[in-house]
Amino acid sequence: MGILFMLVGALVVGVAYAVRARRRTRRQRALMRLCLDAGLEFAVSDPFPDTLFLPFRLFGRGGARGVDIVVWDRRDDGAIRAFDYWFEDVTDAGRVRVSMTCGVVPLPFAVPPVSVSPRGMVVPSGESTSGVEVSFELETFNRRFAVTAVEPLAAVAFLDQRMMGTLLALPIDVAIHVREDRMLLVARWLEPEEMLVLLEVARGLARRVPPVMASLYPPRPAEGPFEDRWMQGSWSPDPTSTERTGTSRAENEDRC
């Protein structure tokens, strides 16, 4: 009897994997046709080495994870792209795979974490932002979206009237997470046509990022004299101790 149960269980798992593989193949073919018609680039495996290293907790979840499909516009050089992402968790019931469709947008600044989620939406990423909920003067926006930020100023500057209007007009439910110099869009596992919509949403949001953000939160220098002005992800406009010492030394030399 035990062997029979094992055989039945193996059969069920095999059928599930076969159905999933067939569905994935059909989806890939449909996406490929749509991308060819739209003049977009398409890849079954991720050609970008940084996707799994994006600065979000999502990309460290599960014991296994991967990117299946990537779509981008060649005019963006792949910097803005949409992709299918999955991770697997081991539970008492066995392995559970969580799949979703994401978009990524590079930002010309490095901002403290901000999250914007449609109210009532179960965000498949589980990405959360510690901090406070931020309210805005536009009540329509407050009713539809919940905004959480480590620094409320970052959320207020990022979500200006133009950006809020764009989010209110989104045709699909998308959660947006901003962290350091990346904006991540997270949706449920989308159908092929919807995936192209998500890519266009990402490109539209990139065009509407408020320019003031770059002055409030300058990009993190990779190296150089201003690198130390970043303390645990927060920009300090004040000179560092090394800079103060150098300034004092120069002033003393001038006096002499």
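For the residue classes used below, Ala, Val, Leu, Ile, Met, Phe, Trp, Tyr, Cys and Pro count as nonpolar, Asp, Glu, Lys and Arg as charged, and the others, Gly among them, as polar. Keep in mind that this is a predicted model.

**Exercise 1. The cavity**

Find the residues that line the largest cavity and sort the lining by class.

*Solution.* Start with the count: the structure holds one cavity of 30 Å³ or more. The volume of the largest cavity is about 30 Å³.

The lining consists of Phe 56, Pro 113, Val 114, Ser 115, Glu 127, Ser 128, Thr 129, His 177, Val 178 and Arg 179. Two strands, β4 (94-118) and β7 (175-187), each give at least two residues to that lining.

Now sort. The tally for the lining is four nonpolar, four polar and two charged residues.

**Exercise 2. Thr 166**

Is Thr 166 buried or exposed, and which residues does Thr 166 touch beyond four places away in sequence?

*Solution.* Then check accessibility. The cut-off for buried is under 20%, so Thr 166, at 17% relative accessibility, counts as buried.

Finally, look at the partners. Once residues up to four places away in sequence are set aside, Thr 166 touches Leu 205 and Arg 208. With Arg 208 there's a polar contact too, side chain to side chain, at 3.1 Å. As for Leu 205, it is one of the buried residues of α5.

**Exercise 3. Helix α5**

What span does helix α5 reach, and what span is expected?

*Solution.* Helix α5 runs over residues 192-207, which is 16 residues. At 1.5 Å a residue, 22 Å is expected. The helix reaches 24 Å from its first C-alpha to its last, close to that value. While you're there, pick out its buried residues; among them are Pro 192, Met 195, Leu 199 and Arg 203.

**Exercise 4. Gln 28**

How far apart are Gln 28 and Pro 192 in sequence and in space?

*Solution.* Begin in helix α1 (residues 2-38), where Gln 28 lies. Gln 28 has 18% relative accessibility, so this residue counts as buried. In sequence, Gln 28 and Pro 192 are 164 residues apart; in space, their C-alpha atoms are 8.1 Å apart. Leaving out neighbours within four places in sequence, Gln 28 has contacts with Phe 42, Val 44 and Ile 69.

Notes: Residues numbered from 1 in each chain as written. Predicted model: local features only at pLDDT ≥ 70, side-chain atom pairs only at ≥ 80, totals over all residues. Heavy atoms only, no water. Buried < 20%, exposed > 50% of the residue type's maximum accessible area, 1.4 Å probe, protein only. Polar contact = N/O pair within 3.5 Å; in protein donor to acceptor, adjacent residues only side chain to side chain. Contact = heavy atoms within 4.5 Å. Helix = DSSP H or I, 4+ residues; strand = E, 2+ residues; numbered from the N terminus. Expected span 1.5 Å × (residues − 1). 1 Å grid on protein atoms, 1.4 Å probe; cavity = no way out; pocket = protein on both sides within 12 Å on 5 of 7 lines; lining within 4 Å. Points joined across faces, edges and corners; volume = space filled by probe spheres on them.
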